[in-house]
Amino acid sequence: MNFKLNNTNILFAGCVLQVNPQFHHLISYVVCIIGSSVTPFIFGLAILVFIWGVVQYIAGAEEEAKREKGRQFIIWGLIGIFAMISVWGLVRVLNNTFGVPFVVPRVHVNN
């Protein structure tokens, strides 16, 4: 993640905040950070929980307790993924209803 501070703007994760912002600029900046950093992180975390559950389920194939623990991780990972996709869909419906353009969050990688 990039964080740059100069005399005109604050730049973090591709989001720009002016030095003397008004309130709506600050809200827009926070929403941008959530959309470009936090949302992909939480989505990735849910996928990692799911994959960890699959690994535990396969590795503990002989023991019922380990399979059950892996099954719980799989279930909670799927619930997390489903919740993120559902909220994303709800946001899209609200954006279409009120005419706000829909933007897919992307992770920016600097080479």
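F23 counts as exposed because its relative accessibility is 64%, where exposed denotes over 50% relative accessible area, buried under 20% and partly exposed the range in between (1.4 Å probe, protein chains only). The structure is a predicted model, in which local features need pLDDT of at least 70 and side-chain atom pairs count only at pLDDT 80 or more, whereas totals for chains, interfaces and linings use all residues. Residues are numbered from 1 along each chain as its sequence is written, and side-chain values use heavy atoms, with hydrogens and water left out.

F23 lies in helix α1; helices are DSSP runs (H or I, at least four residues), numbered from the N terminus. Together with L26, I27, V30, V31, I34, V38, F41, I42 and L45, F23 forms a nonpolar surface patch of about 910 Å² accessible area. Patches comprise residues with over 30% relative accessible area and no salt bridge, nonpolar side chains being joined within 5 Å; accessible areas follow the Shrake-Rupley method with a 1.4 Å probe, and a salt bridge places a side-chain nitrogen of Lys or Arg within 4 Å of a carboxyl oxygen of Asp or Glu.

Helix α1 (residues 23-59) also contains Q56, which counts as buried because its relative accessibility is 17%. Beyond its neighbours within four places in sequence, Q56 is in contact with K66, K69, G70 and F73, contact meaning heavy atoms within 4.5 Å.

Helix α2 (residues 64-98) has 35 residues and spans 51 Å from its first C-alpha to its last, close to the 51 Å expected at 1.5 Å a residue, the expected span being 1.5 Å times one less than the number of residues. Its buried residues are G70, I74, G77, I81, M84 and N95, and their cover includes α1. G99, with a positive phi near 75°, follows α2.

How values were computed. Helix = DSSP H or I, 4+ residues; strand = E, 2+ residues; numbered from the N terminus. Patch = residues over 30% accessible without salt bridge, like charges linked within 9 Å, V, L, I, M, F, W, Y side chains within 5 Å.
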